[in-house]
Amino acid sequence: MSLQIRKERVAIYPGSFDPVTMGHMDIIRRAAKQFDRLIVTVLNNLSKNPMFTVEERTELLRQATADLPNVEVDSFRDLLVNYLRQKNAQVIVRGIRTVTDFEYELQTASINHSLDPEVETIFMMTNPKYSYLSSSVVKELAHFGANVSDFVAPEVERAMKLKFSQLDARTK
């Protein structure tokens with residue numbers, strides 16, 4: 001009788017998560033069911049001007065995923081393929097809302113695969129009810145005082161209100 005040791009299936013879901021939305025959470029919950037361990041990792045995107053620091057985004061994600069035992073939250077400032085190797089992960093999970101998302105993500109997946117042929121990228125279509133939702137839209141709505149409770153978790157909504165009140169206080 002031979003014993004086969006099954007390798008732990010580890011996936012990375014990278015993103016800016018500024019802030020984490022219900023669309024992100026939909027992908028996180030669905031991906032967590034597909035892998036033994038899902039690492040949601042906040043990247044430091046140099047081309048964006050974030051509302052929240054990497055540390056704040058990481059903490060908000062930890063709060064939002066607290067009920068998911070196989071999800072861990074981390075951050076990184078390196079090439080994604082290097083981070084995958086460091087975490088012994090085999091798969092990158094990416095959410096797709098639109099054809100435009102797909103074109104961008106396909107290009108990124110191709111680059112990652114050329115850097116490391118062992119890296120696989122899995123695309124998950126977002127739930128149609130979140131297909132219009134982006135962090136940018138949520139930030140703009142919240143900035144103008146709109147109710148964003150359908151788009152983000154309560155802890156994220158509170159953090160956004162606090163952040164905007166701090167910004168308002170500085171500009172007065």
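These are my notebook entries on a predicted model, taken one topic at a time.

**Ground rules**

I number residues from 1 along each chain as its sequence is written, and my side-chain values use heavy atoms, with hydrogens and water left out. Since the model is predicted, local features need pLDDT of at least 70 and side-chain atom pairs count only at pLDDT 80 or more, while totals for chains, interfaces and linings use all residues.

**Entry 1: the sheet**

I started with the strands. Helices (H or I, at least four residues) and strands (E, at least two) are DSSP runs, numbered from the N terminus. Two strands pair if DSSP finds at least two bridges between them. A reminder to myself: strands of a sheet pair through backbone hydrogen bonds, either parallel or antiparallel.

In what order do the strands of the sheet stand? I read β3-β2-β1-β4-β5, an open sheet of 5 strands with parallel pairing. β3 and β5 (120–125) are at the edges with a single partner strand each, so one side of each has no neighbour in the sheet. On average, neighbouring strands are turned by 30° against each other, direction ignored; the axes behind this angle are lines fitted to C-alpha atoms, for helices over the stretch in contact, and angles run from 0 to 180 degrees between N-to-C directions.

**Entry 2: β1 and its partners**

Next I followed β1. It pairs with β2 in the parallel sense over 6 bridges, and Val-10 stands opposite Arg-37 in β2. From β1 the chain crosses through α1 to β2, a right-handed β-α-β crossover. Right-handed means that, with the strands pointing away from the viewer, the path from the first strand over the helix to the second runs clockwise.

β1 also runs parallel to β4, joined by 2 bridges, and there Ala-11 has Val-91 as its bridge partner. Further along the sheet, β4 and β5 pair in the parallel sense over 6 bridges, with Val-93 facing its bridge partner Ile-122 in β5.

Is β1 buried or exposed? I call a residue buried under 20% relative accessible area, exposed over 50% and partly exposed in between (1.4 Å probe, protein chains only). By that rule 6 of the 6 residues of β1 are buried, so the strand is largely enclosed by the rest of the structure. Val-10, Ile-12 and Pro-14 point one way, while Ala-11, Tyr-13 and Gly-15 point the other way.

**Entry 3: the nonpolar cores**

Then I looked at what packs inside. A nonpolar core is a set of buried Ala, Val, Leu, Ile, Met, Phe, Trp, Tyr and Cys residues joined through side-chain atoms within 4.5 Å. The largest one has 37 residues, and those touching the most other members are Tyr-13, Ile-28, Leu-38, Val-40, Leu-61, Val-93 and Met-160. Among the elements that each supply at least two residues are β1, β2 (37–43), α5 (135–143) and α6 (154–171). The largest share, 5 residues, comes from α1. Another core, of 11 residues, lies apart from this one and includes Val-10, Ile-12, Val-81 and Ala-89.

I also checked α2, where Val-54, Arg-57, Thr-58, Leu-60, Leu-61 and Ala-64 are buried. They cover an arc of only 165° around the axis, which puts them on the same side of α2; the arc is that of the directions from the helix axis to the C-beta atoms.

I picked Tyr-83, found in helix α3 (residues 80–86). Tyr-83 is buried, at 3% relative accessible area. Contact means heavy atoms within 4.5 Å. Leaving out residues up to four places away in sequence, Tyr-83 touches Ile-12, Ile-39, Thr-41, Asp-74, Ser-75 and Phe-76.

Phe-123 lies in strand β5 and is partly exposed, with a relative accessible area of 29%. Phe-123 and Ala-11 are 112 residues apart in sequence but 12 Å apart in space, C-alpha to C-alpha.

Where is the cis peptide bond? I found it from Asp-18 to Pro-19, with omega near 0°. Pro-19 lies in the loop between β1 and α1, and Phe-17 lies in the loop between β1 and α1 too. Phe-17 has a phi near 50°, positive in a residue other than glycine, and is buried at 3% relative accessible area.

Asn-88 also has a positive phi, about 55°, without being a glycine. I located Asn-88 in the loop between α3 and β4, where it is exposed at 56% relative accessible area.
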